[in-house]
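These are my notebook entries on one structure. I record here what I looked up and what I found.

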Amino acid sequence: MSPTLLSFAFALALAASLMVKFWLSTRQIRHVAAHRDAVPAAFAGSVTLAAHQKAADYTIARSRFGLLALAFNAAVLLGWTLLGGLHALNGWVLELSGALPEGWRTMGYQLGLVGAFVLIGSLLDLPWEMWSTFRIEQAFGFNRTTLRLYLADMLKGLAVGVLLGLPIVALILWLMGAAGPLWWLWAWLAWVGFQLLVMVLYPTVIAPLFNKFEPLTDAALKERVERLMARCGFAAKGLFVMDGSRRSAHGNAYFSGFGPAKRVVFFDTLLTKLNGGEVEAVLAHELGHFKHRHITKRIALMFAMSLAGFALLGWLAEAPAFYAGLGVRPSLGAPNDALALILFLLAGPVFGFFVTPLAAHFSRRDEFQADAYARAQASGAALSSALLKLHEDNAGTLTPDPVYARFYYSHPPAAERLAALAT
Ligand SMILES: [Zn+2]
């Protein structure tokens, strides 16, 4: 592998992915705009023109914003890599770390580099996230968060990120330096253990830092849900209502946790919008994902892919061309593991983008299966009306561009889902 060849492949993949993303988004904008004036015939009786137009405007506003963010992120990526940003940051952190005591220098330098990189990246993202929340979501009536709550969330997120992220990054960096040629296998095992730990901690420790969870008190709904779960052969450790309305008007329901520790969480926004039968149908859909083992399969796939990723990184980290080809000169007299890790995280998604349609395809297949399960265990009609309500409440467009939807949509377009439920 020569550095020039890698630079060329990287630039080519970046340009190609940008062109594809730009092409898809402009298709989506044009398609939605062209169908803005009339509610599709299949929804004529159930969706008002005003709701349809709000969905069109919301989709177009977000897509336009997405195009700007796309250009910005590509510039940032080029800035980090081929234009020498990471190289400059590396030199600076390396120099600063010289002031650390001998025994701390190596790890201090590496963690400092990762920390500085993450911090700068987050600061660059922040205005975009704030614009999305306080401008776009606000304009369409979805935002419920205040600047104060937003900032509090950010600080809490930072604390959780440091508490969880720092030890695992330090462990991986240590393994890279100390565990020999098969370090990537050990690092992968550590990573898997970490992911499992987060899955256990999330519902009981992390999520309650951000939201209040209260036991479901509506007796009729509770009984209905418990009957459904008994019918489907599920045990859960509790039914909870989460105050999602503190931040957003979008509604949802989910399961979290493992085995008998599973808990069912309803957003309060979902319960105010749907009736008992509809809530039951939405939950039956989620149970369908469990019955078909979609969650387990997804986790297994994620672990398999991260194993391939670590193996690839194990190979690339040894190749000088990997650094030079992405705009960085490896440091002399200091380990390059943190640099390799960062470059891999920067360049990986550029190549990974091209499998998006494949992942989306399998995800949509899973959604159809879960819908079919919900129809069998609860009611297809109730699920249809719930989907339609949620779609309308989230201002999802009923007329996406077919190519855009094929490429990106993790859930089938509403028209296809409702048609499948009606057959
Ligand atoms: Zn689903």
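**Entry 1: the model.** I am working with a predicted model, in which local features need pLDDT of at least 70 and side-chain atom pairs count only at pLDDT 80 or more, while totals for chains, interfaces and linings use all residues. Residues are numbered from 1 along each chain as its sequence is written, and side-chain values use heavy atoms, with hydrogens and water left out.

**Entry 2: the zinc ion.** I looked up which atoms coordinate the zinc ion. Donors are N, O and S atoms within 2.8 Å of the metal (3.2 Å for Na, K and Ca); water is not among the atoms, so sites may look incomplete. The arrangement is irregular because the four donor atoms subtend angles of 51 to 136 degrees around the zinc ion. For reference, four donors count as tetrahedral if all angles lie between 85 and 135 degrees; four count as square planar and six as octahedral if opposite donors are over 155 degrees apart and all others between 65 and 115; anything else is irregular.

I noted the donor spacing in sequence as H-x3-H-x77-E. His 285 in helix H9 (residues 276–291) and Glu 367 in helix H13 (residues 356–377) are 82 residues apart, and the pair links distant parts of the chain. Helices (H or I, at least four residues) and strands (E, at least two) are DSSP runs, numbered from the N terminus. Both His 285 and Glu 367 are buried. Buried means under 20% relative accessible area, exposed over 50%, and partly exposed in between (1.4 Å probe, protein chains only).

**Entry 3: strand E4.** I asked how many residues of strand E4 (residues 263–267) are buried. The count is five of five. In a regular strand the side chains alternate between the two faces of the sheet. In E4, Arg 263, Val 265 and Phe 267 lie on one side, Val 264 and Phe 266 on the other, and all are buried.

I then followed the pairing of E4; two strands pair if DSSP finds at least two bridges between them. Strand E2 (residues 239–242) pairs with E4 in the parallel sense over four bridges, and Val 241 stands opposite Phe 266. Strand E3 (residues 253–256) runs antiparallel to E4 and is joined to E4 by four bridges; here Ala 253 stands opposite Phe 266.

**Entry 4: loops.** Gly 238 lies in the loop between helix H7 (219–232) and E2. Gly 238 counts as buried because its relative accessible area is 18%.

Most residues other than glycine have a negative phi. I found that Arg 293 has a positive phi, near 60 degrees. Arg 293 sits in the loop between H9 and helix H10 (294–316) and is exposed, at 54% relative accessibility. Ala 395 also has a positive phi, near 55 degrees, but Ala 395 is buried, at 3%.

**Entry 5: the surface.** I noted a nonpolar surface patch of Leu 155, Leu 158, Val 162 and Leu 166, with about 380 Å² of accessible area together. Leu 155 belongs to helix H5 (residues 147–178) and is exposed, at 58% relative accessibility. Patches are made of residues with over 30% relative accessible area and no salt bridge: like charges are joined within 9 Å, nonpolar side chains (Val, Leu, Ile, Met, Phe, Trp, Tyr) within 5 Å. A salt bridge is a side-chain nitrogen of Lys or Arg within 4 Å of a carboxyl oxygen of Asp or Glu. Accessible areas come from the Shrake-Rupley method with a 1.4 Å probe; for residues, only the protein chains shown count as cover.
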